Every structure is written in structure tokens, then in C-alpha cells.
Amino acid sequence: MFKPKRIQTLDTQAVVDAALKELPMPSRRLFMQRGLTLGGLSLLSGCTLSDEHSVERALMKVSQFNDQVQAWLFDPKLMAPTYPESMMTRPFPFNAFYGMEEIPEVDGDDYRLEISGLVADKHAWTLAELYQLPQTSQVTRHICVEGWSAIGKWGGVTFSTFLKRIGADLSAKYVGFKCEDDYYTSIDMATALHAQTLLTFSYDGKTLPPEYGYPMKLRMPTKLGYKNPKHISAIFVSNSNPGGYWEDQGYNWFGGC
Amino acid sequence: MNNRDAVVHPAWLRLTHWINVLAVTLLVLSGWRIYNASPIFHFSFPEQITLGGWLGGALLWHFSAMWVLVANGLVYLVLNLLTGRFRRKFFPLSLKEVVADLLAAAKGRLSHADLSVYNAPQKLAYLFIVLDLMLLVASGLAIWKSVQFPLLRELMGGYDMARVVHFVAMSALLAVLALHLVMVALVPRTLLLMLSGR
């Protein structure tokens with residue numbers, strides 16, 4: 001169950017590529033197989049296959065309801081806790097939907113950040129231009145959907161500053177992200193404009209290393225890890241929900257902390 | 001009071017009891033699968049007995065069943081307080097009574113003739129379940145919304161500790177439930193009472 005449903009509306013080739021990349025990994029294959037069964041529940045109730053689909057639909061409905069509840073609970077003025085650098089988790093864990101050997105290699109000189117959607121200035125940004133923006137940093141807790149958490153220090157430009165700079169329609173509903181590793185996700189505008197939401201280019205005072213998302217990661221201490229895209233290649237503003245890599249498979253879309 | 005035709009458990013109580021059974025079952029089984037994604041201790045739950053198939057599925061179950069638990073729990077609490085059942089059934093409750101009843105039970109002399117009256121260990125166990133479920137909801141909220149509920153997060157000792165509290169509260173709940181099931185097996189008429197009310 002929980003197979004991707006919105007694939008048709010997305011970059012199909014990118015999704016297929018991502019899927020093909022994962023096929024040689026036995027653990028991943030096992031994971032997907034398990035994902036297709038209801039596991040414990042079929043034992044519990046002896047559900048038939050058609051029941052499984054209606055159960056899945058009902059659960060996804062509740063998840064969408066939970067998106068609304070979280071948007072309502074989200075306080076734009078409330079800050080996530082910050083920590084002294086002495087509390088940073090060392091080494092900060094690497095985490096992705098693939099192993100370390102598949103981290104994308106991005107050439108910083110050729111790199112361009114594509115901008116599209118409901119924005120006034122759609123010119124593509126070079127890294128040099130992005131580094132010229134006012135920089136800030138924060139030490140915050142990264143909370144993974146799996147339950148573990150780790151404290152790290154990210155530096156970059158406040159995302160609201162960037163959105164204003166490109167003349168984004170701040171009344172639009174969503175900001176979407178496409179990444180060099182074919183990952184994709186999207187967030188609500190309220191979180192995009194939160195003071196602690198940073199478009200980051202550095203980790204622990206050094207250029208963001210490949211394993212943490214070179215050349216840039218969107219860092220939000222108010223959202224779970226899978227909502228924080230790495231290796232961002234394109235940013236777009238939209239009024240229709242672009243979904244996400246994990247979100248389309250069943251992870252909650254809002255994913256707020 | 002010991003009239004076999006008198007309703008011991010009103011319909012709303014029986015209904016909320018069984019809805020709670022369903023919600024707790026779904027929450028525990030999916031919770032074990034979520035725990036397995038990043039175990040706090042040096043063990044995992046066998047995946048065959050967990051619910052959801054994978055982490056995403058388990059989370060969908062967990063964050064759906066939580067609404068059933070909370071809504072049902074609120075109905076239970078409000079009706080218990082409004083009807084005066086809470087005060088009538090659970091109080092007074094003294095430690096002395098609990099010890100005396102436990103000793104009587106150990107000697108096989110604890111009476112079950114009148115099931116409309118809870119003995120002291122029963123009162124304690126049921127009150128514990130109510131309070132423990134509240135702790136589970138509170139620690140669960142602290143995990144789910146650690147940024148949005150700072151006070152709750154700090155009360156739990158921070159995000160990571162909230163996970164430990166959530167786990168320990170779940171374990172304690174299951175321990176008391178195991179005891180509860182043993183007692184029901186020893187006095188099977190209590191099961192009929194919870195089904196038919198009389």
C-alpha cells in the first residue's frame with residue numbers, strides 16, 4: 001500500500017530514475033515489498049484486498065486532516081529551541097533515501113538555481129550571487145521522522161529574505177523544491193516565511209559538504225527532516241500542492257514539529 | 001445492589017471501553033513499528049506483530065487512531081464526571097484499603113459477589129489506566145509538536161526524553177492491561193458485564 005499516486009503530475013523521468021537507482025539495494029526492495037502489504041492488519045482482521053484500498057484512502061484522508069490541524073497549530077512567531085555549539089551532535093548523521101556512495105556531485109561553477117512559478121524575477125542564480133545575500137546561522141535540532149534527533153549548525157540566508165528578493169507572491173500557498181538527487185518536496189508559505197527557515201550554504205562554519213546537501217539545503221527546525229531538501233536545484237512558488245518524494249508514498253505532507 | 005438485573009455498566013461506558021480497546025490496540029501495534037525505525041533501547045519488536053507495513057504506514061495508523069483515543073477518552077471523562085459515576089465508583093480510595101484487599105486476594109478471600117462495586121486494587125488499576133493514557137497523550141503531543149508546545153516539551157524533559165516517557169507509559173499500560181486480562185479470566189462474569197451491562 002501507499003504507492004506513489006501523483007507521479008503522473010510530477011517529473012516522471014526523475015521518479016523513474018530514482019526508483020531504478022534503488023533497485024539494486026536489497027534492503028530497499030524488501031522495504032517496498034513490505035510497504036505493499038498491510039502487514040499486521042491483515043492478520044488482525046483478515047481484510048480483503050479491496051478493504052485495504054478503502055482503509056488506505058481513509059488513512060490518507062485523516063493525514064490530510066492532520067495537515068490542516070498542523071497548519072492551524074503552527075505559530076509563525078514561535079521559535080524552535082536553539083542550542084550552544086557545545087551541544088552539537090558530532091559527527092552529524094548522514095541521512096538520505098540512498099547510500100553515501102550515491103551522493104550527487106555538483107559542480108559549483110556550473111551550478112544555477114532555477115526559479116519559477118509565482119515570482120517576479122525568474123533569473124537563475126549562481127552560487128556567487130547567493131553568497132552575496134545577507135548571511136546568518138543557527139544551531140537547532142534536526143528531528144527525523146524515524147524518531148532520532150541531532151543538533152547541528154547551519155548558515156545561510158533567511159528564506160523569507162530570498163523570497164522577497166525574487167519577488168515571490170507571498171500570498172501563494174506553496175513553495176516547491178527540486179533537487180539534484182531527484183528528491184522533491186514542498187512546504188506551506190507560512191513555514192517558508194518563518195524567521196528560522198534558512199536557505200543554507202554552510203554547515204558548522206564550512207561550505208556545506210556533499211553529504212549534507214551541497215550546494216544548498218533548506219533548513220527548517222519547525223519541520224521533520226524529510227521536509228528539509230538538500231542539493232536544491234530549483235525553487236518554485238505555486239498554489240497547487242507539489243507533493244514530495246516521501247509525502248507521495250504516505251508520509252504526512254505538513255510534517256511539522 | 002447485587003441485583004442481577006440492575007445495569008452495572010451503562011451503555012456509554014461499555015461503548016467507550018470497547019472503542020478504547022480498539023484505539024489502544026491500533027496505537028500500540030503501530031507504535032511498535034514506529035519505535036523500530038529508531039529504537040531507544042537495544043531491542044526491536046518483531047515486525048510480524050506490528051501494524052502499518054512500513055514506517056509511513058505505521059505513522060498513518062498512529063496519527064489516525066490518536067483522534068479516536070482522544071475523542072473517546074474525552075467522552076468517557078465528561079460522562080463519568082457529569083453522571084457522578086467517577087466519584088461513586090472510584091472514591092474514597094485509600095492505600096490501606098488497597099493493601100488489605102491485596103492481602104485478602106492473596107489468601108483467596110477477596111469477594112467478587114457484588115461486581116457493581118470495585119475493590120480497592122481495581123479502583124487503583126483503572127485510575128492508573130486513565131492517568132497513564134493522559135500521560136501517553138501528553139508525551140505523544142510533546143513528540144509530535146515539540147516546537148509548537150514548548151511547555152509540554154520542557155515538562156517531558158525535552159524532545160528525546162519525551163520519547164522515553166512515551167515508551168515507558170506504553171509499557172506500564174501494557175503491564176496493567178496484562179493484569180486486567182488475568183483478572184477477567186479469573187472472574188469471567190466481568191467480561192459479560194462489559195458486554196451486556198448486567
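Confidence was examined for chain A. The mean pLDDT of chain A is 87, and 81% of the residues reach at least 70. Two stretches of chain A fall under 50. One covers residues 1-10, for which the model has 24 contacts beyond four places in sequence. The other spans residues 19-49, with 34 contacts in the model beyond near neighbours in sequence. Where pLDDT is low, predicted coordinates should not be read in detail.

Chain B contains eight helices and zero strands, giving the pattern α-α-α-α-α-α-α-α along the sequence. The C-alpha trace of chain B spans about 50 × 35 × 35 Å along its principal axes. Of its 198 residues, 27% count as buried. Among contacts in chain B between residues at least 6 apart in sequence, 61% join residues at least 24 apart.

Helix α4(B), residues 95-106, has twelve residues and reaches 16 Å from its first C-alpha to its last, close to the 16 Å expected at 1.5 Å a residue. Helix α8(B), residues 189-196, lies largely in the open, because the number of buried residues among its eight is zero.

The contact between the chains draws 33 residues from chain A and 25 residues from chain B. On the side of chain B that touches chain A, α1 (11-37), α2 (55-82) and α7 (159-186) each supply at least two residues. The largest share of that side, eight residues, comes from α2(B). By residue type, this side of chain B divides into 13 nonpolar, nine polar and three charged residues.

The largest nonpolar core has 39 residues, and those with the most contacts inside it are A:Phe159, A:Leu199, A:Ile232 and A:Ile235. At least two residues of this core come from each of β3 (149-158), α6 (159-165), β4 (174-179), β5 (184-188), β6 (198-203) and β9 (232-238) of chain A. Leaving aside residues up to four places away in sequence, A:Ile232 touches A:Leu113, A:Phe177, A:Cys179, A:Met216 and A:Leu218. Another core, of 20 residues, lies apart from the largest one and includes B:Trp32, B:Ile34, B:Leu51 and B:Trp54. In soluble globular proteins, nonpolar side chains tend to be buried together.

Most residues other than glycine have a negative phi, and most peptide bonds are trans. A cis peptide bond joins A:Arg90 and A:Pro91, with omega about -5°. A:Pro91 is placed in the loop between α4 (49-73) and β1 (114-117) of chain A. The bond from A:Tyr214 to A:Pro215 is also cis, with omega near 5°, and A:Pro215 lies in the loop between β7 (206-207) and β8 (217-219) of chain A.

A:Asp182 has a positive phi, near 70°, although this residue is not glycine. A:Asp182 sits in the loop between β4 and β5 of chain A. With 21 other C-beta atoms within 10 Å, A:Asp182 is buried, since the cut-off is 20 or more. A:Asp204 likewise has a positive phi, near 55°, and lies in the loop between β6 and β7 of chain A. A:Asp204 counts as partly exposed, with 17 C-beta neighbours inside 10 Å.

Methods. Residues are numbered from 1 along each chain as its sequence is written. Chains are lettered from A and ligands numbered from 1 in the order in which they are written. This is a predicted model: local features need pLDDT of at least 70, side-chain atom pairs count only at pLDDT 80 or more; totals for chains, interfaces and linings use all residues. Two residues are in contact if their C-beta atoms, placed from the backbone, lie within 7 Å. Helices (H or I, at least four residues) and strands (E, at least two) are DSSP runs, numbered from the N terminus. Ala, Val, Leu, Ile, Met, Phe, Trp, Tyr, Cys and Pro count as nonpolar, Asp, Glu, Lys and Arg as charged, and the others, Gly among them, as polar. The expected span of a helix is 1.5 Å times one less than its number of residues. pLDDT is the predictor's confidence in each residue, from 0 to 100. A nonpolar core is a set of buried Ala, Val, Leu, Ile, Met, Phe, Trp, Tyr and Cys residues joined through C-beta atoms within 7 Å. A residue is buried if 20 or more other C-beta atoms lie within 10 Å of its own, exposed if 12 or fewer, and partly exposed in between; C-beta atoms are placed from the backbone.
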